[in-house]
Amino acid sequence: MIIQKIFLIVMLLALWVTWRRARQQVIGKREAAGWSVIWIAAAVVVMLPSVTSNLAARVGVGRGVDLVVYASVAVLFILVFKLFIQHEKIERKLTEAVRHEALRDLDQPVTPEKPAAVPIPVAVVKPLPEKPLLPEDADMSFTQQTLQAFMLDASLHQSEFMEVEPDPKNLKP
Amino acid sequence: MKVIAVIPAYTEATRIKNTIRAVLSFVDQAVVVDDGSPDQTGVQARKTGVVVLRHSINRGQGAALRTGTQAALRLGADIVLHIDADGQHDPLSIPNVLQPLMEKRLDVVFGSRFLGQEAAGMPLNRRWLLSGARTFNALIVGVPRKITDPQSGFRAFTAEAAERIVFCQDRMAHCSEILRLVTRSNLHWGEVPVRVYYSTESLRKGQKSWDAARIAWQLFLGVFTR
């Protein structure tokens with residue numbers, strides 16, 4: 001029958017992918033062996049459906065198909081339960097992460113009395129050039145003085161400039 | 001002795017300030033854990049000047065209590081008090097809860113609604129449910145039946161006890177979990193009467209009757225999540 005052939009091909013493909021993944025070390029050898037047993041068992045059941053009837057008779061279930069359905073329900077139940085547990089574990093890890101973040105505030109408590117930092121007005125005329133503004137060996141005290149004078153000028157003409165957050169790159173000591 | 005109250009709060013913007021002020025008259029310091037409230041709970045709490053920590057995502061009352069407890073221990077608490085943010089727990093009962101710890105008679109004290117001080121406005125079905133929960137705790141969870149209040153959130157630990165009792169239930173099942181952990185340890189524990197007020201608002205927001213099934217399920221999952 002065609003359905004048997006299709007199933008057989010699918011099982012063989014599954015078997016091939018399983019061992020390919022094992023070779024790629026995506027899954028362990030033991031896990032691959034477990035899956036192989038499932039695929040081979042499924043292939044046997046597909047090719048020789050009477051096997052299930054024999055098994056069913058031995059277990060005490062009326063028909064072979066019934067046994068397959070019962071077994072599937074049991075397997076699904078176990079898988080869903082495993083998912084629940086996994087979900088709970090992830091939830092707890094998430095809580096741990098959220099807690100870690102919350103407790104970080106304890107080290108730097110936010111006090112409402114402290115006024116918020118006021119951004120220092122700095123004039124941004126054009127984007128920074130690719131090259132450094134000053135040579136490496138420039139007199140830094142001179143640079144600082146220039147910067148201070150520039151900032152004073154900027155604060156005097158505040159309304160004429162854009163108000164932006166100070167860029168740490170601009171305030172190099 | 002330094003007593004720090006831990007107040008987990010979720011969407012309590014209207015009530016949190018009053019609760020904190022009332023609690024602060026009986027303890028040295030308070031830690032509020034804003035459990036990811038979408039409203040102004042954290043902002044309101046900060047106005048009182050207490051330590052406010054924020055869970056960026058809502059993680060449940062148990063998780064918030066644990067965060068708060070860790071914070072209290074870091075802040076050097078000798079006694080950690082757990083109390084609800086909604087004002088259900090009467091702050092006047094705080095000295096009752098703290099006394100056995102102050103006198104070093106006990107390590108953990110649970111506040112109970114069923115030890116004489118009548119809980120104001122407790123609906124009859126809540127009373128039945130709690131009595132059912134007591135039986136469930138005794139038979140399934142393994143909490144001694146002499147514990148009269150199976151779901152009390154009003155409790156206090158010495159610092160040492162708070163360090164040792166590591167509860168992992170994030171949501172409502174933490175009450176039963178803490179009871180189990182404490183009663184199975186060699187810590188000295190006891191119950192004291194506390195007064196609890198039920199208002200329509202707190203009942204609306206508080207635990208629903210079918211939450212009992214949810215708690216049972218969470219405890220069941222907890223057995224396998226270690």
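Axes are lines fitted to C-alpha atoms, for helices over the stretch in contact, and the angles between them run from 0 to 180 degrees between N-to-C directions. The legends below describe close-up views of a predicted model.

**Figure 1. Helices H3 and H4 of chain A cross at roughly 75°.** The two elements shown are helix H3, residues 50-59, and helix H4, residues 64-107, both of chain A, and their axes come within 7 Å. Because angles of 65 to 115 degrees count as roughly perpendicular, H3(A) is described as roughly perpendicular to H4(A). On the H3(A) side the contact is formed by A:Thr52, A:Ser53, A:Leu55, A:Ala56 and A:Val59. These residues meet A:Gly64, A:Val65, A:Asp66, A:Leu67 and A:Val68 of H4(A). Sorted by class, this contact holds six nonpolar, three polar and one charged residues.

**Figure 2. Helices H1 and H2 of chain A cross at roughly 170°.** Helix H1 covers residues 2-23 and helix H2 covers residues 29-47 of chain A, with axes that come within 9 Å of each other. An angle over 145 degrees counts as roughly antiparallel, and H1(A) and H2(A) are therefore roughly antiparallel to each other. From H1(A), the contact draws on A:Gln4, A:Phe7, A:Leu8, A:Met11, A:Ala14, A:Leu15, A:Thr18, A:Trp19 and A:Ala22. H2(A) contributes A:Lys29, A:Ala32, A:Trp35, A:Ser36, A:Trp39, A:Ala42, A:Ala43, A:Val46 and A:Met47. The classes represented are 14 nonpolar, three polar and one charged residues.

**Figure 3. Chain A contains five helices and zero strands.** From the N terminus on, its elements follow the order α-α-α-α-α. Of the 173 residues in chain A, 4% are buried. Among contacts in this chain between residues at least 6 apart in sequence, 51% link residues at least 24 apart.

**Figure 4. Chain B holds an open sheet of seven strands with mixed pairing.** The strand order is S3-S2-S1-S4-S6-S5-S7. Strand S3 (51-54) and strand S7 (189-193) of chain B are the edge strands; each has a single partner strand, so one side of each lacks a neighbour in the sheet. On average, neighbouring strands are turned by 20° against each other, direction ignored. Helix H3 of chain B, residues 61-74, packs on this sheet and touches strand S1 (3-9), strand S2 (29-34), S3 and strand S4 (79-82) of chain B. The direction of this helix makes about 155° with that of S1(B). Elsewhere in the sheet, strand S5 (residues 108-112) and strand S6 (residues 155-158) of chain B pair in the antiparallel sense over three bridges. B:Val108 stands opposite B:Phe157 in S6(B).

**Figure 5. Strand S1 of chain B is mostly covered.** Seven of its seven residues are buried. B:Val3, B:Ala5, B:Ile7 and B:Ala9 point one way from the strand, whereas B:Ile4, B:Val6 and B:Pro8 point the other way. S1(B) pairs with S4(B) in the parallel sense over four bridges, and the bridge partner of B:Val6 in S4(B) is B:His82. S1(B) also runs parallel to S2(B), to which six bridges join it. In S2(B), B:Val33 is the bridge partner of B:Pro8.

**Figure 6. The largest nonpolar core has 61 residues.** The residues with the most contacts inside this core are B:Ile4, B:Ile7, B:Val31, B:Val32, B:Val80 and B:Leu81. S1(B) supplies the largest share of the core, six residues. Not counting residues up to four places away in sequence, B:Ile7 touches B:Thr19, B:Ile20, B:Val23, B:Ala30, B:Val32, B:Ile83 and B:Ala85.

**Figure 7. B:Lys2 lies in the segment before S1 of chain B.** With 14 other C-beta atoms within 10 Å, B:Lys2 is partly exposed. Residues up to four places away in sequence aside, B:Lys2 touches B:Asp28, B:Gly76, B:Ala77 and B:Asp78. The C-alpha atoms of B:Lys2 and B:Arg155 are separated by 16 Å, and these two residues are 153 residues apart along the chain.

**Figure 8. The contact between the chains takes 16 residues from chain A and 21 residues from chain B.** By class, the side of chain A that touches chain B comprises eight nonpolar, one polar and seven charged residues.

Terms used: Residues are numbered from 1 along each chain as its sequence is written. Chains are lettered from A and ligands numbered from 1 in the order in which they are written. This is a predicted model: local features need pLDDT of at least 70, side-chain atom pairs count only at pLDDT 80 or more; totals for chains, interfaces and linings use all residues. Angles under 35 degrees count as roughly parallel, over 145 as roughly antiparallel, 65 to 115 as roughly perpendicular and the rest as oblique. Two residues are in contact if their C-beta atoms, placed from the backbone, lie within 7 Å. Ala, Val, Leu, Ile, Met, Phe, Trp, Tyr, Cys and Pro count as nonpolar, Asp, Glu, Lys and Arg as charged, and the others, Gly among them, as polar. Two strands pair if DSSP finds at least two bridges between them. A residue is buried if 20 or more other C-beta atoms lie within 10 Å of its own, exposed if 12 or fewer, and partly exposed in between; C-beta atoms are placed from the backbone. A nonpolar core is a set of buried Ala, Val, Leu, Ile, Met, Phe, Trp, Tyr and Cys residues joined through C-beta atoms within 7 Å.
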